[in-house]
Structure formats: C-alpha cells, structure tokens
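Open your viewer and get ready to select residues by chain and number.

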Amino acid sequence: MERLGASEIFTAILGQFMPVWIGLVVILVLSAIFQKKLGLYGRLFTSPIGLVGLTLVLFWVLTALFADQIITMDPLSQISGMKNKKPGWPVSGMEGSYYLLGGDNLARDVFSRMVMGSRIVLAIAPAATLFAFMVGITLGLPAGFYGGKLDTVLSFLANLVLAFPVILLFFLLVTPEIRSTGIPLVLSGILFLFPIIFFVLLFWSRYQEQPTKLMVLLSITLVLGLWAYSGLAFNADPLGVFYMDPNLLNIFVSVVFVNSPTVFRIVRGIVADIKTRDYVAAAQTRGEKPWYIMLWEVLPNARGPLIVDFCLRIGYTTILLGTLGFFGLGVSPESPDWGMTINEGRKFLAVYPHPALPPAIALMSLVLGLNLLADGLREESLRD
Amino acid sequence: MGIFLLKRTGVMLFTALCLTFAVFFLTNLEPNLEKLTKSEGNMRMTDVEVQSWLEKNGYRQPLIKRYGQWLGVMPGWTRVDEETGKTTGRCVRYADKATNEIPTHCGLIQGHWGRSLVFKDEIRGIIVEKLGHTGKLMLAVMLVMVPIALVIGIIAGMREGSKTDRSLSTFSILTTSTPEYVSGVILIVIFASKFGGLRWFKGTSATAMENVTFENFTLPVVTLALYGLGYIARMTRASMAEVMQEQYIRTARLKGLSFYGVVMKHALRNAMIAPFTVIVLQIPYLLTGVVIVETLFNFKGFGWTLVAAVGNNDIELLLACSVVAVVVVLITQLISDIGYVFLNPRIRVS
C-alpha cells in the first residue's frame with residue numbers, strides 16, 4: 001500500500017471527526033435559534049471571540065464523547081514495524097488501515113492516542129475544578145461574610161498554600177511513595193466532604209419551613225453524597241460503582257488542593273463587596289439567617305465572575321495536568337495523557353517531531369477555547 | 001509604615017517556618033527514608049537493617065527535633081559507638097579543621113545546608129552556582145517579556161474596543177493558553193529541527209551555562225517569556241483602559257492636549273500601578289516555567305537541579321531547593337505589597 005499524501009491525511013481526519021461535526025452543527029444551530037431564551041449562554045452568540053471559544057470547547061467535549069467512534073486504531077496496542085513511522089503510513093497486514101498521524105516510539109497510533117487523550121483531560125479537569133469551587137465557596141462565603149477571626153485564620157491557611165510553589169507541591173504530593181503514607185486519603189477525606197456540606201447547607205438554609213421537602217432533599221443529598229464519598233475517597237463503596245484508581249485519586253486531590261485557595265480568595269473578595277448591598281440589608285431586616293443570605297442572596301449575585309473564573313480555571317487545570325504528565329507523574333505510564341505523550345515525544349523531537357506535536361496542539365487549542373470562552377462570557381456578563 | 005513593614009515581615013517569617021516544616025515533613029516521609037537507606041547502604045537490606053541504619057544516623061528522633069536541628073536552632077545529634085568509641089553525629093562533618101572541635105549547632109542558619117547525594121558536594125555551593133545560571137535566564141526573560149508586554153498592554157488599552165485592541169488581546173490570550181511545554185516543543189520543531197527548515201537556533205541549551213550565545217539561549221528565553229507575556233499584557237490593558245475613562249483624562253483632552261500627550265503625561269503613570277504588582281508576582285509563577293524549560297532544554301540551572309533532586313530522592317538537596325523557592329515567593333510577595341503601597345497614594349498605611 002502507498003503512503004497517504006498530505007491532502008489525503010487531511011480529508012481522512014476530517015472524515016473521522018464526522019460525529020463531532022454533526023454534533024457541533026446541531027448544537028450551534030439549535031442554540032442560535034433559541035438564543036433569546038438562553039440568557040448569558042445565548043448572548044455568547046453575539047460575541048465573535050466567545051463563539052470561537054465555545055466552538056473549540058464543544059469540539060473537544062464532543063471528541064471526548066465520540067472518541068470510540070473517531071479513533072482508527074487501538075490507542076494502546078503496538079503494531080510491529082510501525083515505530084516512528086511518518087504520518088499517513090499504511091499499517092502492515094491490515095488492508096485500508098493507516099496511521100493517520102504516524103506512529104510513536106512504541107509503534108502506537110499518534111492520532112488515536114491524541115483523540116483518547118481528550119477523554120482523560122475532560123474527565124479530570126472540569127470535575128477537579130468543580131470540587132475546588134465547592135471547597136472555595138463553602139469556606140469563602142463565611143470568611144467574606146463574617147470577617148473577623150474566622151477570616152484571618154482561613155486567609156492565612158489559603159495564603160500558606162498559595163505561597164507554596166505549585167511545581168514543588170506536585171513533586172512532593174504526587175509520588176508513588178506517598179500513597180503508602182495515606183496522605184492522599186486524608187486529603188481526599190477532607191476535600192470530598194465539602195460538596196456534601198455545601199448541598200446540605202444549601203437546602204437546609206432554604207427549606208426549613210417546609211420539613212417534608214427538606215427531608216427529601218437532604219436524604220437524597222446525604223445518600224448519594226455519602227455513597228460517592230465512601231467510594232471515591234476510601235474506595236469502600238459497597239456496590240462498587242464509585243471507584244477511583246489510587247494514582248488518579250492522588251492527582252485529582254492534589255489539583256483540587258492547589259486550586260481551592262485561589263477560589264477561596266476570589267469568593268471571599270466578591271462576598272466582602274456584595275454584603276454591603278441593599279438587598280443584603282433588606283434580607284437581614286427580614287430576619288433571614290446568615291447562611292440563607294450567603295447561599296441564596298449573595299452567591300447568585302456573584303455568579304458572573306465565578307462562571308468566568310470557572311472557565312479559566314478548567315484551562316489552568318488542563319495545563320497543570322499536562323505539567324504533571326510532562327514530568328512523568330501522569331495518570332498511568334501507558335495512558336494517552338497529552339502531557340505524557342508530549343514528554344515521550346520531546347526526546348526524539350529533532351528526528352521525529354510528529355508524535356509530540358498533535359497532543360501539544362490539542363492541549364493548546366482546548367485551553368485557548370476555554371480562555372476565549374471566558375473572555376466572551378466576561379464581556380457579556382459585564383453588559384448587565 | 002514601620003509597623004506595617006514589621007507586621008508583614010513577621011507574618012512572612014511565620015509563613016516561612018510553616019512551609020519549611022511542611023516540606024521537611026513531606027520529604028522525610030517513611031518511604032523516602034527507606035529509599036534513602038537502601039541507596040546509601042545496599043538494595044538488599046532487610047527491614048531490621050534498615051531500621052538500625054536509620055536509628056544509627058539520627059533519623060529516629062522526633063520529627064520536630066530533627067526539624068530544629070536541620071534549621072540550626074537545636075544542637076545536632078551525636079552518638080558514640082560503643083565498640084569503636086568513634087563519635088558520629090550531624091555536625092561531625094563540620095568540625096573545625098585546626099582544633100577538631102565539633103560545632104554544637106549546624107543547620108540552615110549556620111550555613112550548613114548538608115551534602116548532596118547526587119552531586120557529591122556541599123549543597124550551598126551547588127545552589128549558589130545553579131541559582132546563578134537561572135538568574136541569567138530570568139534576567140533575560142524579564143528584559144524580553146516586561147517591555148513587550150507593557151507596550152502591547154498600553155497600545156491595546158489606549159483605545160478600548162478598537163481593531164488593534166482586539167487583535168492584540170487575542171494574541172495575549174493565545175500566549176496565556178500555550179504552556180511552556182507546548183510552545184517549547186513547537187518552537188524547537190520550527191526553529192531547531194530540519195522539519196521547520198529554519199535551524200536558526202539550537203534545541204538544547206546544555207552549553208549555555210558557561211557560554212551564552214544567541215543560538216543556544218534564544219529558544220528557552222522566548223518559551224518562558226511567551227507564557228507570562230500575555231498575562232502581564234492583559235493586566236496592563238485592563239488598567240490602562242480603566243484610567244483612560246477617568247475624568248481627568250477627559251479634562252486633559254478637552255483642555256486641548258494631544259491624545260498622545262495625554263497618554264504619556266497623564267495616563268501612563270497611574271496605569272502602571274497594577275501591572276507592577278502583577279510583574280513582581282509573576283516571578284513565583286515563572287518558577288514552574290523555569291523547571292519545565294530547564295528540563296526541556298537541558299539547561300542545568302535551579303529548576304533542573306530540583307528535578308534531579310526529586311528524581312534521585314536527594315532529600316537534603318530537595319529541602320534546600322524548596323527553602324530557596326519558598327523564600328523567593330515570600331520575598332516577591334512582600335516587595336509587591338510594599339511597592340503597591342508606595343506607588344498608590346490612595347492607600348494609607350497606619
């Protein structure tokens with residue numbers, strides 16, 4: 001078989017991404033039609049920068065969803081004779097199969113690995129950011145609202161973590177040895193509690209007058225929350241649904257730990273500003289309890305900057321995960337994690353640039369999409 | 001002002017103590033100590049042998065006591081071997097050559113930073129040397145990054161919403177989205193491999209420690225500068241755009257001053273307050289970048305040493321690197337706080 005030319009590779013890749021294109025068109029057209037009813041999200045369609053960002057992010061989300069359909073080869077299997085082969089090289093012994101973006105140093109398909117890598121990033125980064133926001137919000141609200149000693153202590157702790165160089169923290173926290181000491185378990189045991197605390201406070205502060213509704217919501221939160229908590233933090237889920245690989249847990253917890261102090265500082269700053277507003281005073285005069293005011297008056301009004309920061313932070317977390325992979329601290333040595341693939345590819349960069357470039361460009365485009373999206377959202381939310 | 005400075009310095013010292021203790025704790029975890037024992041002794045040591053080695057070498061004292069010794073505020077441990085009568089101890093290596101007297105305290109404060117297992121040398125010398133290399137890199141990065149970022153930010157913020165602003169802002173976003181390990185790889189492929197066809201620069205800076213040339217130093221500097229550039233530029237732009245909307249700028253324009261006269265004389269000074277803080281605080285962020293870039297380009301500076309210390313379980317060296325990193329971060333924070341107060345007359349400290 002002949003090696004594919006540049007234009008053939010290009011069309012073949014475009015074709016492989018077909019489910020993504022269809023998904024993109026459907027989502028964008030539907031959103032454009034119902035633009036007026038979609039609030040902040042709908043207004044994104046009036047800002048070119050925001051739209052480009054949204055498209056890039058959607059592209060990668062859809063790629064992660066349809067990864068099984070997009071890949072042409074198994075991302076882990078090594079096929080002999082394909083080591084470091086150039087893009088478009090035909091797979092020996094398999095009629096009509098090509099390594100669209102060439103083979104890496106272990107004779108695996110670069111294209112399929114890049115596509116599968118999106119799954120890892122998009123499974124970890126948004127979830128880790130969400131957890132960091134739960135921690136940051138649950139601690140930042142009272143710190144900003146009450147001030148005083150509580151604020152001093154929490155701010156000092158946050159500054160302590162922030163003064164720690166990120167890279168050093170990762171070198172110390174994400175090692176195979178540290179798992180045997182149980183430190184990641186302690187950290188996850190503490191950090192994973194915050195989402196449960198957040199939702200319990202959220203419902204409890206609002207529905208105290210409606211005991212039945214409160215009971216239902218609280219029991220759902222507690223059952224689901226504690227179930228997931230036991231599985232994720234301690235791998236003790238009786239049904240075995242929630243489970244996290246110890247190494248993944250280690251990475252996840254470290255990323256949450258690094259991000260939460262920054263979120264805490266942002267929330268604290270916004271709350272300290274918002275609590276002087278008239279509607280907060282009105283709620284206080286009505287006799288509302290502090291947690292009701294924090295969660296149902298202050299927090300919804302702080303959503304603009306928080307949503308923007310959420311997008312930026314997912315991008316930052318993606319970069320962090322890449323950094324971890326780059327230093328060989330990734331999810332697992334075999335996995336098609338982008339950072340790890342870049343690290344493996346960089347050693348042979350002068351001779352074979354094709355294994356390192358696709359994951360590098362993929363990572364950059366995802367982060368760029370998130371940053372542009374955040375920029376568009378910021379501009380639109382400022383118009384209020 | 002004096003009290004403010006004193007208070008800030010006090011908080012800084014307390015933070016430094018907490019952080020160094022955290023680092024000390026994390027580097028002296030049981031598995032790390034076991035690994036150290038086996039690399040110092042031999043790989044086939046039994047658990048009992050490991051424990052007795054640790055006992056003999058002072059690793060079985062309470063952690064807080066060992067931290068105090070390492071810091072130099074507690075006397076170093078000594079131990080007299082019952083059979084040979086030889087004295088071993090933390091400070092034996094630092095005995096006075098003339099009198100053979102062993103100092104009681106030997107720690108960070110006394111300047112005894114320990115000995116590196118990887119480099120087989122006194123750590124203080126290594127750190128000073130490597131910091132020198134990294135200092136060169138940082139200086140070059142700052143000289144490239146700060147002026148470009150400021151110019152981009154000022155031009156973009158001068159006329160908010162214009163076409164120039166839009167394109168410069170998009171460029172800034174693009175650079176902040178490209179971490180060093182991505183831009184480094186792309187730059188090497190374009191400028192230093194046969195595929196880009198340019199081959200202007202070298203893809204490695206292994207020779208740049210002794211002899212900096214345009215060829216071996218450009219790519220690491222550009223890689224590092226690019227990532228930080230966008231952030232500073234965006235902060236400058238935001239600050240500039242805010243200042244340009246102030247009443248006094250309009251007054252100056254209405255008074256008949258030219259647009260550029262207003263920008264140069266009235267806007268710039270006030271617009272530079274926020275970017276100053278950002279630039280100083282950028283230094284700790286550069287640290288991660290330094291580690292990545294030095295690894296990528298094989299430039300044997302501070303970041304490279306940190307990676308080497310981690311990779312080889314060189315506990316003492318890692319501790320020393322961490323202390324330096326923490327101190328750099330804390331000092332930059334202090335400088336940015338003080339600078340902000342000096343630059344901004346609206347903030348009164350009392």
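## A tour of two chains

Start by selecting B:Ser177, which sits in the loop between helix 6 (163–176) and helix 7 (180–192) of chain B. Helices here are DSSP runs of H or I with at least four residues, strands are runs of E with at least two, and both are numbered from the N terminus.

Before going on, two notes: this is a predicted model, in which local features need pLDDT of at least 70 and side-chain atom pairs count only at pLDDT 80 or more, while totals for chains, interfaces and linings use all residues. Residues are numbered from 1 along each chain as its sequence is written, chains are lettered from A and ligands numbered from 1 in the order in which they are written, and side-chain values use heavy atoms, leaving out hydrogens and water.

**Stop 1: around B:Ser177.** Is B:Ser177 buried or exposed? B:Ser177 counts as buried because its relative accessibility is 0%; buried means under 20% relative accessible area, exposed over 50%, and partly exposed in between, with a 1.4 Å probe and protein chains only. Show its side chain, and you will find it reaching the backbone oxygen of B:Ile173 at 2.7 Å. Leaving aside residues up to four places away in sequence, B:Ser177 touches A:Met364, A:Val367, A:Leu368 and A:Asn371. Contact means heavy atoms within 4.5 Å.

**Stop 2: the interface.** Now color the two chains separately. The contact takes 49 residues from chain B and 44 residues from chain A. Together the chains bury about 3,900 Å², 80% of it on carbon and sulfur atoms; buried area is the accessible area (1.4 Å probe) that two parts lose on being put together, summed over both. In chain B, the residues losing the most area to chain A are B:Leu26, B:Ser177 and B:Tyr181, together 15% of what that side buries.

Next, select B:Arg234 and A:Asp375, whose side chains meet in a salt bridge at 2.8 Å, N to O. A salt bridge is a side-chain nitrogen of Lys or Arg within 4 Å of a carboxyl oxygen of Asp or Glu. How many salt bridges does the rule find across this interface? There are 2 between chain B and chain A.

**Stop 3: salt bridges in chain A.** Select A:Arg268 and A:Asp151, which form a salt bridge with their closest N and O atoms 2.6 Å apart. This pair links distant parts of the chain: A:Arg268 is in helix 12 (residues 246–274) and A:Asp151 in helix 7 (residues 148–162) of chain A, 117 residues apart. A:Arg268 counts as partly exposed at 28% relative accessibility, whereas A:Asp151 counts as buried at 12%.

Then highlight A:Asp104, A:Arg108, A:Arg113, A:Glu334 and A:Glu344, which are linked in a network of salt bridges. Within it, A:Asp104 and A:Arg108 have their closest N and O atoms 3.1 Å apart. A:Asp104 is buried, with a relative accessible area of 6%, and A:Arg108 is buried at 1%.

Stop 4: Most residues other than glycine have a negative phi. Select A:Ala107, in the loop between strand 2 (98–99) and helix 6 (110–146) of chain A: its phi is positive, near 65°. Then jump to B:Asn298, in the loop between helix 11 and helix 12 of chain B, where phi is also positive, about 55°. A:Ala107 is buried, with a relative accessible area of 8%, whereas B:Asn298 is partly exposed at 30%.

Technical notes
Polar contact = N/O pair within 3.5 Å; in protein donor to acceptor, adjacent residues only side chain to side chain.
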